[in-house]
Amino acid sequence: MTMASNYYSAQIKQCIGLGASRHVKMIHGNIIRTLPHPETFLHNNIVHAYALIRSSLYARRVFDGIPQPNLFSWNNLLLAYSKSGLLSEMERTFEKLPDRDGVTWNVLIEGYSLSGLVGAAVKAYNTMMKDFSANLTRVTLMTMLKLSSSNGHVSLGKQIHGQVIKLGFESYLLVGSPLLDMYSKVGFISDAKKVFYGLDDRNTVMYNTLMGGLLACGMIDDALQLFRGMEKDSVSWSAMIKGLAQNGLEKEAIECFRQMKIEGLKMDQYPFGSVLPACGGLEAINEGKQIHACIIRTNLQDHIYVGSALIDMYCKCKCLHYAKTVFDRMKQKNVVSWTAMVVGYGQTGRAEEAVKVFLDMQRSGIDPDHYTLGQAISACANISSLEEGSQFHGKAITAGLIHYVTVSNSLVTLYGKCGDIDDSTRLFNEMNVRDEVSWTAMVSAYAQFGRAVEAIQLFDKMVQLGLKPDGVTLTGVISACSRAGLVEKGQRYFELMINEYGIVPSNGHYSCMIDLFSRSGRLEEAMGFINGMPFPPDAIGWTTLLSACRNKGNLEIGKWAAESLIELDPHHPAGYTLLSSIYASKGKWDCVAQLRRGMKEKNVRKEPGQSWIKWKGKLHSFSADDESSPYLDQIYAKLEELNQKIIDNGYKPDTSFVHHDVEEAVKIKMLNCHSERLAIAFGLIFVPSGLPIRVGKNLRVCVDCHNATKHISSVTGREILVRDAVRFHRFKDGTCSCGDFW
């Protein structure tokens, strides 16, 4: 082997550790330029590198250039398809192999395991045991035990355990460690202890594994007893700190970290990486900053693991500026570092920045894992960005990440929040594995789209399958009942939530119940429900009731709700504007003027109505008073044309919600300039006829615009999707998906 091959091999291994696909490609380019005929050994290293960074296409190209590929070459190609989730290619390659060894079978089994196909992995293992048992190694048993552990298949793990004993491998650490890990992870602590004490030799790793299992089961006292009597390393302290934090004992975790410092042990990346999440969980920014200073003193600020934990801590403490500073100063970044920033922005309401960071990550040559991609798709869902979300959907397919439940869940949520309920349903039905989040996402999507029957049926099926709904699931199904007027059913689910599932209702649940009564016009029952609550409603709850009072013209309860909202938050505009609307509908203009004076005196500003539509990567926003759009002349011409058509189609303007004491003709003109109509007109001009028009709106759609949009969909033959502050409206052929009940 030449010195050049050794040099390039070392560089490739370093890049693999960072997960930097761009750097691997750069080194490969240098090899092509400087070594006209690389050795098979170097070729194999390149294929292996591409396999580990999931670049199966490049791995195949390099493999095809090897003059005489050996078994290592074939195994690395097989690994490339395995890591990328391209199972059909993996299987075809496996069949073509001129020879097979233990590594070959291990890669095949691991490929099935990584894709969650436990049955296929077991079948491959059984085939090997039956016809190719000579290829069995301790690594094979370790792989199967890891498969059992990661998927919680205890029965399979016990079968493998039996074979371990039969083959005489039970005393080997290589096999005993994953066996102990399996029993510990699934909570079979008594079995874990039997394995632990049955080993001829027990190292610190074994102690750490058992201690981790005890901590995972919440057996804090037992874990502490084991911890005190063992020979501890940095990993032991880190595991204890991490376990305490994960059991809700963040303060104790920080104290354990302090004790480790007092003991004078050398600090490495692990204790720092374990204690920082505890600081984040407590939002203990002062302690976090002190630990950051300690990290700098120990010269670990450039370590990827520590830097990523610092970013996560600052994000959880809502100090995004500090998180970004740490991120920018990191000399090397891997997928964990980038993911921490994506998650940080996404979970603090800065979804657009989360998407930008994800795109920057890809441009830097770091390939996302399933968790990062899921978070990026979730960020797109939060801003209803179907365009980027669809691109990320394509990335999930090409990168072999589509089968991960985290990615699928995010896609179901994305299409649901973007109004594409058909794609959301299709993706849900295609999922091989569903968890509680999957069902909740689909229930919520149906609820937001007004398809109450489907939401309720799905919820009932989820419960029948033995899955336990959480607070978010119950919010979705009660909302579905609310939007379909199914008051009694919604009440039953609320009672089930408390009595059957033991969920303590949050402000959100109480607001859903207020909405349930209010939408159906049962305002007295809503008032009675509020009076029976253990605490007063929040601003959303009062606004919900007040909005219903406006729609139903109930001045008495409306005044009560408005006064309560103003008392809760004197600067919340809804208390003034919605009550003003009720007064306006009753012709009480003096009261309207008085409310407006009160708003002016308290410097309360009404949130202006805005609508937006995304076209060709650009967001076009509209408001009634905004004249900044360069397309206004075209838009108003289109509106004038539409108004005549919809009037001929039977549309009659409803001016009862115009809050100004002006002539009827002026009121009609004001209605015609509402922001969603400007956005819809823009869409009719620029969005091709084969595509739906998607409009977002920051406020609830008014009755007149809702009626007008139904007529617009009828006379133009276009599908129009409007997502307002409350729900989705799908206008098609003169009807709306909400059934005029919103």
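Let me begin with a term: a residue is called buried when its relative accessible area is under 20%, exposed when that value is over 50%, and partly exposed in between, computed with a 1.4 Å probe and with protein chains only. By that convention, 50% of the 742 residues of the protein chain count as buried.

What we have here is a predicted model, in which local features need pLDDT of at least 70 and side-chain atom pairs count only at pLDDT 80 or more, while totals for chains, interfaces and linings use all residues. Residues are numbered from 1 along each chain as its sequence is written, and side-chain values use heavy atoms, with hydrogens and water left out.

I will take the whole chain before the details. The protein chain holds 40 helices and six strands, where helices (H or I, at least four residues) and strands (E, at least two) are DSSP runs numbered from the N terminus. Its C-alpha trace spans about 90 × 60 × 50 Å along the principal axes. The accessible surface amounts to about 34,500 Å², and 51% of it belongs to carbon and sulfur atoms; these areas come from the Shrake-Rupley method with a 1.4 Å probe, and for residues only the protein chains shown count as cover. If a contact is taken as heavy atoms within 4.5 Å, then, among contacts between residues at least 6 apart in sequence, 62% join residues at least 24 apart.

On charge, the chain carries 80 positive and 75 negative side chains, and the centres of the two sets lie 3 Å apart. Here Lys and Arg count as positive and Asp and Glu as negative, with His and the chain ends not counted, and each charge is placed at NZ of Lys, CZ of Arg, CG of Asp or CD of Glu.

That brings me to the salt bridges. Side chains of opposite charge can pair when their charged atoms come close. The rule used here asks for a side-chain nitrogen of Lys or Arg within 4 Å of a carboxyl oxygen of Asp or Glu, and by this rule the count comes to 24 salt bridges.

Arginine 522 lies in the loop between helix H31 (507-519) and helix H32 (523-531), whereas glutamate 488 lies in helix H30 (residues 487-499), so the pair ties together parts that are 34 residues apart in sequence. Arginine 522 itself is partly exposed, with 24% relative accessibility. Finally for this topic, Asp422, Arg451, Glu454, Glu719 and Arg730 are linked in a network of salt bridges.

Next, backbone angles. Most residues other than glycine have a negative phi, and most peptide bonds are trans. Lysine 318, in the loop between helix H19 (304-316) and H20, has a positive phi near 60°, and at 57% relative accessibility it counts as exposed. Asparagine 603 has a positive phi of about 55° although it is not a glycine; asparagine 603 sits in the loop between helix H36 (589-601) and strand S1 (610-615), and it is exposed at 54%.

Glutamine 375 belongs to helix H23 (residues 370-382) and is buried, with a relative accessible area of 19%. Which residues does glutamine 375 touch, not counting residues up to four places away in sequence? The residues it touches are Val342, Val343 and Gln347.
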